[in-house]
Amino acid sequence: MNIRWDAEGYTERFSFVPGYGRDVLSLIEAGAGSAVLDLGCGNGTLTRALQEKGYRAMGLDASEALLAIARREHPDIPFVQGDATAFSLRERVDAVFSNAVFHWIDRERQRDMLACVREALRAGGELVFEMGGKGNNRRIHSALGEVFKRHGYRYEMPFYFPAIGEYAALLEAAGFETRVALLFDRPTPLQGEAGLADWIRMFVKAPFEAVPEAEEREQMIAEAAQALRRELYANGVWYADYVRLRMRAVRL
Ligand code: BEZ
């Protein structure tokens with residue numbers, strides 16, 4: 001995952017990310033007392049929710065900044081630093097859970113990640129996750145693409161948003177059986193008058209690395225927000241055009 005997180009800003013202004021993830025927990029079929037890994041646990045909000053549901057929860061994340069918050073807020077939960085595409089656990093778990101993480105991993109690395117997940121699970125164990133699905137933030141990325149073009153830069157889409165069939169094929173090739181698959185729109189309200197600009201600053205970092213001047217970066221963000229106002233701003237609230245892919249798969 002190639003982002004340097006503004007860990008405190010994320011925790012303060014984007015708490016809706018783990019908030020929505022709570023629904024995903026209900027897809028886990030393992031019973032209380034089962035061992036569950038929260039893969040890409042971030043600040044540990046959902047790892048705590050897993051523990052509160054009676055699981056033996058642990059978290060793994062690449063970001064030391066987010067893990068510092070997780071350890072400070074949840075000192076009784078084990079958190080380990082690791083790369084989702086190259087990790088191993090000392091003991092196998094009954095379930096791997098992940099929310100809003102897999103789309104940060106390039107398509108070419110998904111295979112490596114699923115191989116690690118499979119290795120981390122006992123036979124019959126389950127992988128339950130939600131990620132951005134096909135069409136996620138389509139309007140936002142398309143507006144950014146236009147703005148980049150106008151300013152003479154190339155906009156490289158920094159995320160992987162697969163369709164159900166595509167991801168089910170990856171799961172099956174990696175030794176899983178897909179049991180649940182849902183793709184649905186979830187327009188998501190953002191905080192404040194600068195909600196969309198803040199969202200872009202927080203999450204769309206890589207494409208802006210090609211733009212050397214901060215002033216031009218801000219101008220481009222303002223132009224994108226202006227272009228999206230008619231579609232994504234209503235009654236004083238910005239909405240991000242999220243599409244979720246939610247799946248449950250069992251390790252064969
Ligand atoms: C998502 O959760 O779908 C998402 C969040 C930030 C950037 C891209 C996608």
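Predicted model: local features only at pLDDT ≥ 70, side-chain atom pairs only at ≥ 80, totals over all residues.
Visitor: What volume does the largest pocket have?

Guide: Rolling a water-sized probe over the atoms shows where empty space is left. A pocket is an open set of points on a 1 Å grid over the protein atoms alone, fitting a 1.4 Å probe, with protein on both sides within 12 Å along at least five of seven lines; lining residues have an atom within 4 Å of a point. Its volume is the space filled by probe spheres set on the points, which are joined across faces, edges and corners. For this pocket that comes to about 390 Å³. Of its 16 lining residues, Met 58, Pro 78, Leu 89, Glu 91 and Val 93 are the closest to the centre.

Visitor: Which element gives the largest share of that lining?

Guide: Strand S2 does, with 4 residues. Strands here are DSSP E runs of at least two residues, and helices are H or I runs of at least four, numbered from the N terminus. S1 (35–39), S2 (56–61) and S3 (79–81) are the elements giving two or more residues each.

Visitor: And what is the volume of the second largest pocket?

Guide: About 170 Å³. Its lining includes Arg 138, Asp 185, Glu 231 and Tyr 242. S8 gives the largest share, 5 residues, and the classes split into 6 nonpolar, 1 polar and 5 charged.

Visitor: Which residues surround the ligand?

Guide: Look for residues with a heavy atom within 4 Å of the molecule. Among them are His 103, Trp 104, Asn 136, Phe 161, Tyr 242 and Arg 244. For polar contacts, look for pairs of N or O atoms within 3.5 Å. The side chain of Asn 136 has an N or O atom 2.7 Å from a ligand oxygen, and a polar side-chain atom of Arg 244 also sits 2.7 Å from a ligand oxygen. The protein buries 97% of the 260 Å² that the ligand exposes alone (Shrake-Rupley areas, 1.4 Å probe). By class, this shell has 7 nonpolar, 4 polar and 1 charged residues, with helix H8 (195–203) and S8 each supplying at least two.

Conventions: Residues numbered from 1 in each chain as written. Heavy atoms only, no water. Nonpolar A, V, L, I, M, F, W, Y, C, P; charged D, E, K, R; others polar. Polar contact = N/O pair within 3.5 Å; in protein donor to acceptor, adjacent residues only side chain to side chain.
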